[in-house]
Amino acid sequence: QALLARRSALASRIARAGSSRHRAVVRAVLTCRPRDGVCEASAVVIDRGRVRALALRMEGIDGRWRVTALEFG
């Protein structure tokens, strides 16, 4: 969570410093449900010309989805 907060703050500073707005583009999303109450997802994102990967695991807890693992690069 701390790493995500740091990257978010950095992205905000970069966006304010840039003269033009840009948006990341999601190129692909894959999901699978390895067992009941669990969803794993991965995405390919293009951000400022760089290809990035995102993966997460969500588990259904008390009627809500909770992210239990998050990786990005």
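Buried, in what follows, means under 20% relative accessible area, exposed means over 50%, and partly exposed is in between, with a 1.4 Å probe and protein chains only. By that scale cysteine 39, at 13% relative accessibility, counts as buried. I will come back to that residue.

First, what we are looking at. This is a predicted model, in which local features need pLDDT of at least 70 and side-chain atom pairs count only at pLDDT 80 or more, while totals for chains, interfaces and linings use all residues. Residues are numbered from 1 along each chain as its sequence is written, and side-chain values use heavy atoms, with hydrogens and water left out.

The layout, then. Starting at the N terminus, the order of elements is α-β-β-β-β. Of the 73 residues, 8% count as buried.

Now the sheet. Strands of a sheet pair through backbone hydrogen bonds, either parallel or antiparallel. Here, two strands are called paired if DSSP finds at least two bridges between them. The four strands make an open sheet in the order β1-β2-β3-β4, and the pairing is antiparallel. β1 (25-35) and β4 (64-72) are at the edges with a single partner strand each, so one side of each has no neighbour in the sheet. On average, neighbouring strands are turned by 20° against each other, direction ignored; the axes are lines fitted to C-alpha atoms, for helices over the stretch in contact, and angles run from 0 to 180 degrees between N-to-C directions.

Let me walk across the sheet from β1. What number of its eleven residues is buried? The number is zero, so β1 lies largely in the open. β1 pairs with β2 over eight bridges, in the antiparallel sense. Alanine 28 has valine 44 in β2 as its bridge partner, and arginine 35 stands opposite valine 38 in β2. The two strands form a hairpin with two residues between them, and glycine 37 in that turn has a positive phi of about 85°.

Next pair. Ten bridges join β2 and β3, again antiparallel. Isoleucine 46 has its bridge partner, valine 51, in β3. This is also a hairpin with two residues between the strands. Arginine 48 is in the loop between β2 and β3, and its phi is positive, about 50°, although it is not a glycine. With a relative accessible area of 48%, arginine 48 is partly exposed.

The last pair is β3 (residues 50-61) with β4, antiparallel, over eight bridges. Glutamate 59 has arginine 66 in β4 as its bridge partner. In the loop between β3 and β4 we find aspartate 62. Its phi is near 55°, another positive value in a residue other than glycine. Aspartate 62 is exposed, at a relative accessible area of 77%.

On to the cysteines. A disulfide is taken as a pair of cysteine sulfur atoms within 2.5 Å, and by this rule the count is zero. Cysteine 32 is in no disulfide, and the nearest cysteine sulfur, in cysteine 39, is 7.0 Å away. Cysteine 32 counts as partly exposed, at 38% relative accessibility, while cysteine 39 is the buried one I opened with, at 13%.

Finally, the pocket. Rolling a probe the size of a water molecule over the atoms shows where empty space is left. On a 1 Å grid over the protein atoms alone, a cavity is a set of points where a 1.4 Å probe fits but cannot get out; a pocket is an open set with protein on both sides within 12 Å along at least five of seven lines, and lining residues have an atom within 4 Å of a point. The largest pocket has a volume of about 610 Å³, that is, the space filled by probe spheres set on the points, with grid points joined across faces, edges and corners. Of the 19 lining residues, Arg7, Ala11, Asp47, Arg52 and Phe72 are the closest to its centre.

Which elements supply at least two residues each of that lining? They are α1 (2-17), β2 (38-47), β3 and β4. α1 gives the most, with seven residues. By class, the lining has eleven nonpolar, three polar and five charged residues. Nonpolar here covers Ala, Val, Leu, Ile, Met, Phe, Trp, Tyr, Cys and Pro; charged covers Asp, Glu, Lys and Arg; the others, Gly among them, are polar.
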